[in-house]
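I opened a notebook on this structure and wrote down what I looked up. The entries follow in order.

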Amino acid sequence: MTLIDTVSVPSVTADERAERLVAAGTAWNTRIAADHTNAYLSYKVTGVGEGAVASTIRAGKHSFLVDEPGALAGDDLAASPVEFALGALISCQIVVYRLYANALGIQVDDIDITAEGDLDARRLFGIDETVRAGFTEVRLQINISGPESEERYQQLREAVDAHCPVLDLFANPTPVLVSVAKK
């Protein structure tokens, strides 16, 4: 594995994207209508420690490195876990914006998103157990270009906010079951 794998994302026209979104939505609706248990998805991702504090993560056929900056004992070879979390939020938002823009007939020519998160490191380092370990606030700036009115893009935002799985992870508690086993 190299530290930087170059991936070329194919160009897709708006019509091709719409066709793919409709086909995927139709296929999922058909599967779920046949048996609601087809809606349940399970994901498995594995990781192994590398170097000082880095991790190699495997998700299906994909593999990527996660590290920390030098100030957090890392070698700064890759984005940090919290940066990947913000990246996951951004990528999920883009998918759901495109999905619901198509479903609602709202034209989106281009979309770019910036996510910023504030984290208080006192809990991480055991200095203050009363502060939250995770983000205290996350801010998303969504920039959409297209011919629609501001009102239509706000309608789209409401649909995305209600349906984005990763936004839901950030906004709501999720039960996490943890077990530790000696090898």
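**Ground rules.** This is a predicted model, where local features need pLDDT of at least 70, side-chain atom pairs count only at pLDDT 80 or more, and totals for chains, interfaces and linings use all residues. Residues are numbered from 1 along each chain as its sequence is written, and side-chain values use heavy atoms, with hydrogens and water left out.

**Overall.** I looked up the secondary structure and found 5 helices and 5 strands. Here helices (H or I, at least four residues) and strands (E, at least two) are DSSP runs, numbered from the N terminus. Along the sequence I read the pattern α-β-β-β-α-β-α-β-α-α. The C-alpha trace spans about 50 × 35 × 35 Å along its principal axes. Of the 183 residues, 18% count as buried.

**The sheet.** Next I checked strand pairing, which requires that DSSP find at least two bridges between two strands. I found 3 strands in an open sheet, in the order 1-2-3, with antiparallel pairing. Strand 1 (45–50) and strand 3 (62–66) are the edges, each pairing on one side only. The twist averages 20 degrees from one strand to the next; axes are lines fitted to C-alpha atoms, for helices over the stretch in contact, and angles run from 0 to 180 degrees between N-to-C directions.

I then took the two pairings in turn. Strand 1 and strand 2 are joined by 6 bridges, and Gly47 stands opposite Ile57 in strand 2. These two strands form a hairpin with 3 residues between them. In its turn, Gly51 has a positive phi of about 55 degrees.

**Salt bridges.** How many salt bridges does the structure hold? I noted 8. The criterion is a side-chain nitrogen of Lys or Arg within 4 Å of a carboxyl oxygen of Asp or Glu. Among them is Arg122 with Asp128, the closest N and O atoms being 3.4 Å apart. Are these two partners buried or exposed, or in between? Arg122 is partly exposed at 37%, whereas Asp128 is buried at 19%.

Glu129 and Arg123 meet at 3.1 Å, N to O, and Arg123 is partly exposed at 31%. I came back to Arg152 and found a salt bridge to Glu148 at 3.8 Å, N to O. Glu148 is partly exposed at 24%. I also noted a network of salt bridges that links Glu116, Asp118, Glu137 and Arg139.

**Aromatic pairs.** I found 2 aromatic pairs. Rings of Phe, Tyr and Trp (its six-membered ring) pair if their centres lie within 6.5 Å; planes under 30 degrees apart count as stacked, over 60 as edge-to-face and the rest as tilted. One of the pairs is Phe135 with Phe170, stacked at 6.3 Å centre to centre and 20 degrees between the planes. It links distant parts of the chain, 35 residues apart: Phe135 sits in strand 5 (residues 135–145) and Phe170 in helix 5 (residues 165–171). Phe135 is buried at 13%, while Phe170 is partly exposed at 30%.

Terms used. Buried < 20%, exposed > 50% of the residue type's maximum accessible area, 1.4 Å probe, protein only.
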